[in-house]
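Q: I would like to go through this structure with you. Could we start with how far the coordinates can be trusted?

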Amino acid sequence: MQLRYLTLSFSHKSTPIALRERLALPQDRLSDFILSLRDKVPSLQEALLLNTCNRVEFYLCTRAPQECITAVLSRFGAYVGIELSLLESHCKSALDSEAVHHIFSVVSGLDSIVLGETQIVGQMKEAYKLCFELGVCGQEITRLMHFAFRTAAKVRTQTAIAKAPLSIASVCVKKSLESAPKRALVLGIGEMGQLVVRHLLDSGVSVYMSNRTKSKAISFATTLLEEKKITQITHVIPGDLSPESSAESKSNSNPQLGIIEWQDISACLGSFRFVFSATSAQELIITQDMARALDSSRIDIATHTTQSTPPRQWFDLAVPRDIDEACASDRIAVLCVDDLQQIIEKNRSQKKAHVQEAYGLIGMAVREYFHWIESLDVLPLIKSMRQKAKEASLQEVARAVKKGYLPKEQEEEVLRILHNAFNVFLHNPTLNLKDLSHHEEGDIIIEALQKVFTDKTQSNLLNRYKCEYDTTL
């Protein structure tokens with residue numbers, strides 16, 4: 001049976017955040033689950049798992065799509081503790097050219113919450129790298145990823161879809177800037193947290209950050225210092241901070257950067273109106289009890305009156321979520337990515353004119369990809385090699401007869417000898433080519449031979465087989 005491309009998608013388009021956070025796999029369990037798919041799903045040939053804040057997607061190669069869908073979803077459901085029927089009701093699947101079109105769209109940022117965002121490229125490369133090194137994906141998915149990254153690069157360079165690019169981090173910061181923050185607390189210094197810090201500093205907002213592993217926060221702060229984004233790094237203890245007030249002056253020219261110990265988050269929380277949380281924790285970082293403690297701190301013990309403090313905005317960029325939904329009140333607005341639709345829709349409307357152009361490039365890339373896959377069939381190449389050998393034999397024998405070097409009556413016998421000689425000569429190369437077509441290094445060798453023995457002029461050589469290392473993309 002023919003090998004088929006299959007995608008299974010749980011994204012912001014089909015899956016609410018309450019379910020997405022249950023589907024998100026922690027990094028320390030990712031490898032074990034991927035390997036379990038390889039070992040426990042016989043119908044699966046190759047697999048790549050993309051696991052981000054806003055999507056969990058399986059990119060699969062299989063000869064039995066329906067069997068593979070049921071087996072993968074059953075395995076996934078058992079692993080995350082969700083019944084199969086619920087997964088099936090939210091799963092969007094695609095097969096063959098539709099699957100390839102979906103993957104190219106995802107990598108190009110056309111399927112993201114924030115249209116045209118480029119963070120997804122790095123996330124996809126990391127996902128590919130992990131699955132490749134685990135031995136779960138090989139030739140077929142590598143071909144696919146190679147073309148996907150090429151397509152994303154074309155969309156970025158040949159359309160305006162990525163002009164003035166936004167990310168989820170920048171959308172959250174933009175929302176906070178409507179209230180003119182003077183300082184903000186950022187929890188978690190992963191990729192998303194670092195983007196938030198950079199956007200805040202660029203907007204003149206002083207940033208205080210905390211990470212469970214303090215050395216990572218220090219390393220990132222040192223990088224910002226070297227880049228001259230900041231002039232100094234301050235290590236902060238709870239007593240150093242006073243509550244932020246609406247009357248506090250804002251310094252746009254010299255934003256500060258402070259590092260807070262992870263265990264001091266609760267004690268420092270009341271000093272910030274604006275909090276951005278983007279950790280990879282599986283448990284809540286900010287609980288309802290912590291929010292209640294902030295409300296109680298607003299009561300003046302002497303007068304029993306409520307102190308006037310500006311409302312707080314807490315942005316939860318994590319999946320699973322870091323901030324308890326129950327923290328939301330008339331004094332605390334808790335926003336996740338799905339709550340920022342106004343800014344996101346404005347971004348989409350501004351880029352709407354370029355979307356059709358981008359999808360046109362993707363459609364062309366899908367056709368080009370399948371045409372290229374067909375071209376890697378070694379049988380036409382072998383036939384071309386044999387044909388060129390036959391033509392050379394006929395030409396040289398005819399020339400020998402014409403020049404009188406060979407009697408005409410011996411022409412057929414000489415041709416038969418040459419034919420047998422070329423068969424012997426090409427026997428091992430033919431077997432090796434057929435074998436190479438199933439190995440990782442085969443594509444580049446086959447394409448090189450095509451350039452030698454055929455009229456093929458355009459090449460899509462995989463110059464780096466492990467394409468996540470290709471810095472040109």
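A: A term is needed first: pLDDT is the predictor's confidence in each residue, on a scale from 0 to 100. This is a predicted model, in which local features need pLDDT of at least 70 and side-chain atom pairs count only at pLDDT 80 or more, while totals for chains, interfaces and linings use all residues. Residues are numbered from 1 along each chain as its sequence is written, and side-chain values use heavy atoms, with hydrogens and water left out.

Q: What is the mean pLDDT of the chain?
A: The mean is 85, and 86% of the residues reach 70 or more.

Q: Where does pLDDT stay under 50?
A: Residues 458-466 are one such stretch, and the model has 32 contacts for them beyond four places in sequence; contact means heavy atoms within 4.5 Å. Residues 468-473 also stay under 50, with 13 contacts beyond four places in sequence.

Q: Turning to the fold, in what order do the strands of the open sheet run?
A: The order is S7-S8-S6-S5-S9-S12-S13, 7 strands with parallel pairing. Helices (H or I, at least four residues) and strands (E, at least two) are DSSP runs numbered from the N terminus, and two strands pair if DSSP finds at least two bridges between them.

Q: Which are the edge strands?
A: Strand S7 (233-236) and strand S13 (332-336) each pair on one side only. Neighbouring strands of the sheet are turned by 20° against each other on average, direction ignored. Axes here are lines fitted to C-alpha atoms, for helices over the stretch in contact, and angles run from 0 to 180 degrees between N-to-C directions.

Q: How many bridges join S5 and S9?
A: Strand S5 (residues 183-187) pairs with strand S9 (residues 274-277) over 3 bridges, in the parallel sense. Val186 has Phe276 in S9 as its bridge partner.

Q: And which strands does helix H9 lie across?
A: Helix H9 (residues 191-202) lies across S5, strand S6 (206-210), strand S8 (257-260) and S9, at about 170° to S5. Helix H8 (residues 168-177) lies across S9, strand S12 (312-316) and S13, at about 175° to S12.

Q: New topic: how many residues are in the largest nonpolar core?
A: That core has 67 residues, and Phe58, Phe76, Phe104 and Met145 have the most contacts inside it. A nonpolar core is a set of buried Ala, Val, Leu, Ile, Met, Phe, Trp, Tyr and Cys residues joined through side-chain atoms within 4.5 Å. Buried means under 20% relative accessible area, exposed over 50% and partly exposed in between (1.4 Å probe, protein chains only).

Q: What is Phe58 in contact with?
A: Leaving aside neighbours within four places in sequence, its contacts include Leu6, Phe10, Phe33, Leu48, Val72 and Phe76. Apart from this core lies another, of 35 residues, among them Val171, Phe274, Leu335 and Ile344.

Q: How many salt bridges does the structure hold?
A: There are 19, a salt bridge being a side-chain nitrogen of Lys or Arg within 4 Å of a carboxyl oxygen of Asp or Glu.

Q: Are Arg55 and Glu57 buried or exposed?
A: Both are buried, and their side chains meet in a salt bridge (2.7 Å, N to O). Lys13, Arg55, Glu57 and Asp111 are linked in a network of salt bridges.

Q: What about Glu227, which residue is its salt-bridge partner?
A: The partner is Arg198, with the closest N and O atoms 2.7 Å apart. Glu227 lies in the loop between helix H10 (214-226) and S7, and Arg198 in helix H9, so the pair ties together parts that are 29 residues apart in sequence. Glu227 is partly exposed, at 38% relative accessible area, and Arg198 is partly exposed at 24%.
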